[in-house]
Amino acid sequence: MKKNLGRFLFLLVVVWHVEISASTYKWSATANKTSAKVNEAIYLKYVCEFSDPSELYTIEFNPKRESDDYSLRLLKESEQIVGNKRVNSYEFVAFAKRSTSLHFDFNVTMKETTQESIDSTILGRDNAQEAQFTSTTQQLKSLVVDVSKVESELVGTFTMEIQKEKPTVNAYEPFHMQITINGVGNFQALKPFDFQIEGVKVFSQKVIENLELSKDGYSGSWSQKFAFVSEKEFTIPKVTIPYFNIEQNILKELEANAINVSVKKAFTKEELLDKEEETQEDFSTYIYFALTFLAGVLVGKMKLRKRAVPHAKDLLFQQKVQNAKSVDELLILLALEDSKAYSALISQVEKKELSLREIKSKIL
């Protein structure tokens, strides 16, 4: 009887020890604010701390990225051993879409396997093709953020810079300008600029974004380049972008003054003809000698004519045309080279009447 009782106590101690030594874990959840504005960045962090290295656990944590109330972006995910204990962390940045009491209620699934199941998988036994898991789903701590509306979709801290040339150009010569916005916030609310100026051809490049997600939203720069071509003076209108400044908690504006561009007048065909008529009499005394000289030159050229060598500038332009990889790129090249000479071709390109190959064949 005593022998059986001893065995029972021994088994009880063993089972109790195994139960105590089994992995345990604890989840925590935090948000960096309890109130926010629509489109303001909200930083969320979820951490799972284990009691040991916990190699037998797998975590499935995939919160919904889009809903009617918010957009969620993964900022960082990590797993590390701290003091012989496993720690998993997940960091997100959320952008509220509307005024509401925003609840972040996420579930996580903890999948646990056994060493025997892992060994069976590694050894490739017939009765165990893959590791067997026991899954447990739990709801994490609810995070609540009260979201209020503001009179601007753009929210954050921003500055605007205008880079431009001297506002004096020749007729049909492009005036270049670049708009750059720097800062931190929801840059995705920015829309490309579309300048409509009477009598002016406006060429714009695609927006260039150099952004990185941070706890406070997207950080970096947003820029767009332009070329304005006209035969007469024109004005680029004032640029105004309203935004809500998070640091000052007020509605502000990014502003750039209007730019008056002076254009030097080009000679008209009539003016050139008048000028030629005025000077024609001055050359009348040289006609006889000129004709005599040209007659001799023409006789010589009949035998010695050589193929004309293209100017280096023309060769460079032809090379650029040959290397153009899109219709838009070719359109800008034509405008910058001589928008007046290529006006008919530019009009056909804008109407999408020609393919890239057809355009090149008309130039080269």
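Predicted model: local features only at pLDDT ≥ 70, side-chain atom pairs only at ≥ 80, totals over all residues.
Q: OK, sheets. What is the order of the open sheet of 4 strands?
A: The order is β1-β3-β6-β5, with antiparallel pairing. Strands here are DSSP runs of E, at least two residues, and helices are runs of H or I, at least four residues, both numbered from the N terminus. Two strands pair if DSSP finds at least two bridges between them.

Q: Which strands stand at the edges there?
A: β1 (25-31) and β5 (70-82) do. Each has a single partner strand, so one side of each is left without a neighbour in the sheet.

Q: And the twist from one strand to the next, what does it average?
A: It averages 15°. Axes are lines fitted to C-alpha atoms, for helices over the stretch in contact, and angles run from 0 to 180 degrees between N-to-C directions.

Q: How many bridges pair β5 with β6?
A: β5 and β6 (residues 85-96) pair over 12 bridges, in the antiparallel sense. Ser 71 stands opposite Phe 95 in β6. Leu 74 stands opposite Phe 92 in β6.

Q: What about the hairpin of β5 and β6, how many residues are between the strands?
A: There are 2 residues between the strands, and Gly 83 takes a positive phi near 60° in this hairpin.

Q: Which residue other than glycine has a positive phi near 50°?
A: Ser 54 has that value. Ser 54 is found in the loop between β3 and β4 (57-60). Asn 39 also has a positive phi, of about 75°, although it is not a glycine. The place of Asn 39 is in the loop between β2 (35-37) and β3 (41-50). Most residues other than glycine have a negative phi.

Q: Is Ser 54 buried or exposed?
A: Ser 54 counts as buried, because its relative accessibility is 3%. Buried means under 20% relative accessible area, exposed over 50%, and partly exposed in between (1.4 Å probe, protein chains only).

Q: New topic. What is the order of the open sheet of 3 strands?
A: The order is β12-β20-β17, with mixed pairing. β12 (168-170) and β17 (234-236) stand at the edges, each with a single partner strand, so one side of each has no neighbour in the sheet. The twist averages 30° from one strand to the next.

Q: How many bridges join β17 to β20?
A: There are 3 bridges, and β17 runs antiparallel to β20 (residues 259-264). The bridge partner of Phe 234 is Val 261 in β20.

Q: Now rings. How many aromatic pairs does the structure hold?
A: It holds 23 aromatic pairs. Rings of Phe, Tyr and Trp (its six-membered ring) pair if their centres lie within 6.5 Å; planes under 30 degrees apart count as stacked, over 60 as edge-to-face and the rest as tilted. Phe 158 and Tyr 243 form an edge-to-face pair, 5.6 Å centre to centre, with 85° between the planes.

Q: Where in the chain are Phe 158 and Tyr 243?
A: Phe 158 is in β11 (residues 155-164) and Tyr 243 is in β18 (residues 239-245). The pair links distant parts of the chain, 85 residues apart. Phe 158 and Tyr 243 are both buried.

Q: Which residues form one aromatic cluster?
A: Among them are Trp 27, Tyr 46, Phe 61 and Tyr 70.

Q: What volume does the largest pocket have?
A: About 420 Å³. On a 1 Å grid over the protein atoms alone, a pocket is an open set of points with protein on both sides within 12 Å along at least five of seven lines, while a cavity is a set where a 1.4 Å probe fits but cannot get out; lining residues have an atom within 4 Å of a point. Grid points are joined across faces, edges and corners, and a volume is the space filled by probe spheres set on the points.

Q: Which element gives the largest share of that pocket's lining?
A: α6 does, with 5 residues.

Definitions and conventions:
Residues numbered from 1 in each chain as written. Heavy atoms only, no water.
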